Amino acid sequence: MNGPAVLWGGMCESGSLKDLTYEHCLAVVPEDVRGFVEISGSSTALALDLFGRKRGLPTVAVTDASGRDHLVSRGFRGQVRTITSLEEAGEICLRYEQAGWFWPKQFTNVELVGCVELWGSRLLREVRANWPGIRHVVCGFGTGATVVGLHRVFAPLGYSVMGLQAREGDPVPGWRNYALQNLEDQDLFHRFQGEIPLSTASEAERPGTGALESLLRYANAHPHPEQVLVISHDGRPRPGN
């Protein structure tokens, strides 16, 4: 192998690695909830939509216009509420929660890190058995749950784990720039920011570059790209890959 390895989330049932996280998170949700609601314009909304349909429940995604367009392009079947700020989004989700809907609160819910650790431990076993040359793990930075969970699993065995965030003024579906978009001390990533490095998508990339393209560009620029594992939440293999 002379390039990075890629974990393709697009091969999961909802088209998102968040399937693996939310199958654990939603296992304890009461049977009488009226539906699922979350601030998401990407992978989390896709996963909640899948699990909602399996349980016969509706899903509402609260997101901006670009997130709405991304979800439509990915086959999202739920309702989209379009907003312009995180504050507005939180108010909408709170109203749904008060009406009996389940809101995972993915930007503040540290329990999601443990859900990532569960599938991250399985991934670690696969990596050690089948790709022993891998030494570095990189994933897109959204809420931070994935990069924190993977860091907890991989870092104790000497792997480096890093999150790649969107650069200012160039949004990537499902990603954020932590310095510009955070909930301060309530933010899930707040307590881990001094421990886990974040890098920013290259300024050399053309505007509008997607998550997978940004991750691959970063991995291929590494001194040893064959040692890098890319975690792509909703990426899909290209022809010939």
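Modeller: The largest nonpolar core has 41 residues, and Leu 26, Phe 36, Leu 150, Phe 154 and Ile 231 touch the most other members. By nonpolar core I mean a set of buried Ala, Val, Leu, Ile, Met, Phe, Trp, Tyr and Cys residues joined through side-chain atoms within 4.5 Å, with buried set at under 20% relative accessible area (1.4 Å probe, protein chains only).

A quick word on ground rules. This is a predicted model, so local features need pLDDT of at least 70 and side-chain atom pairs count only at pLDDT 80 or more, while totals for chains, interfaces and linings use all residues. Residues are numbered from 1 along each chain as its sequence is written, and side-chain values use heavy atoms, with hydrogens and water left out.

H5 gives the largest share, eight residues. Take Phe 154: beyond its neighbours within four places in sequence, Phe 154 is in contact (heavy atoms within 4.5 Å) with Gly 120, Leu 123, Leu 124, Val 127, Val 137, Tyr 159 and Val 161. There's also a second, separate core of 14 residues, and Trp 8, Val 138, Met 162 and Ala 166 are among them.

Now for S5 itself. Five of its five residues are buried, so S5 is largely enclosed by the rest of the structure. In a regular strand the side chains alternate between the two faces of the sheet. Here, His 136, Val 138 and Gly 140 point one way, while Val 137 and Cys 139 point the other.

Strand S6 (residues 160–165) pairs with S5 in the parallel sense over five bridges, where pairing takes at least two DSSP bridges between the strands. Within that pair, Cys 139 sits opposite Gly 163. Getting from S5 to S6, the chain goes through H6, and this β-α-β crossover is right-handed: with the strands pointing away from the viewer, the path from the first strand over the helix to the second runs clockwise. S8 pairs with S5 as well, again parallel, over four bridges, and there Val 138 faces Val 230.

Technical notes. Buried means under 20% relative accessible area, exposed over 50%, partly exposed in between (1.4 Å probe, protein chains only). Helices (H or I, at least four residues) and strands (E, at least two) are DSSP runs, numbered from the N terminus.
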